[in-house]
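Please work through the exercises below with the sequence and the model side by side, trying each task before reading its solution.

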Amino acid sequence: MLMEKPLDFCLECPIGADCTEAGSTLLELPIKQGYWRHSKETEKIYRCKNQRNRKENNHICKGYPHGDVHSLQSEDIGNMYCDANHKGPLCEVCVSDAEFFNPEEGRCEECPSTGKYVG
């Protein structure tokens, strides 16, 4: 059946994915730098709004190359696409409570000393 109608089983490569390697599955789909998805089971891939940490000239959405994602814990899945110190949707949440995401700089920055706590 597969050989008769391969297009019934194969999907077009979504924008933000790297489908250069034949036989990629949704679970192991490589995600390009500058893109993020919620989990290894979601088809929707988002382009990160703040693609570059402007001061360090690198992406906070680092993508994910083809590899073994089966051993990751479910809470780590969306975060595996993020650079260090970033997590959450589009990598725009800071790992540290003492930092905030600055959209103008495209990265997490330390809170000013006068604003460490939000009530």
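**Exercise 1.** Are Cys 82 and Cys 91 buried or exposed?

*Solution.* The model is a predicted one, and in it Cys 82 is buried, as is Cys 91. Turning to their sulfur atoms, we find them 2.2 Å apart, and the two residues form a disulfide. The torsion about the S-S bond of Cys 82 and Cys 91 is about -90 degrees, so this disulfide is left-handed.

**Exercise 2.** Find which parts of the chain the disulfide of Cys 48 and Cys 61 ties together.

*Solution.* Begin with the bond itself, in which the sulfur atoms of Cys 48 and Cys 61 lie 1.8 Å apart. Next, place each residue: Cys 48 belongs to the loop between strand 2 (46-47) and strand 3 (52-53), while Cys 61 belongs to the loop between strand 4 (58-59) and strand 5 (86-87), so the pair links parts that are 13 residues apart in sequence. Finally, both Cys 48 and Cys 61 are buried, and their link is left-handed, with -100 degrees about the S-S bond.

**Exercise 3.** Describe the link of Cys 13 and Cys 19 and its handedness.

*Solution.* A disulfide joins Cys 13 to Cys 19, with 2.0 Å from S to S. With 85 degrees about the S-S bond, this link is right-handed.

**Exercise 4.** How many disulfides does the structure hold, and what pattern do they follow?

*Solution.* The structure holds 4 disulfides, and, with bonded cysteines counted along the chain, their pattern is 1-2, 3-4, 5-6, 7-8. Cys 111 is in no disulfide, and the nearest cysteine sulfur, that of Cys 94, is 7.8 Å away.

Terms used: Residues are numbered from 1 along each chain as its sequence is written. This is a predicted model: local features need pLDDT of at least 70, side-chain atom pairs count only at pLDDT 80 or more; totals for chains, interfaces and linings use all residues. Side-chain values use heavy atoms; hydrogens and water are left out. A disulfide is a pair of cysteine sulfur atoms within 2.5 Å. Helices (H or I, at least four residues) and strands (E, at least two) are DSSP runs, numbered from the N terminus. Buried means under 20% relative accessible area, exposed over 50%, partly exposed in between (1.4 Å probe, protein chains only).
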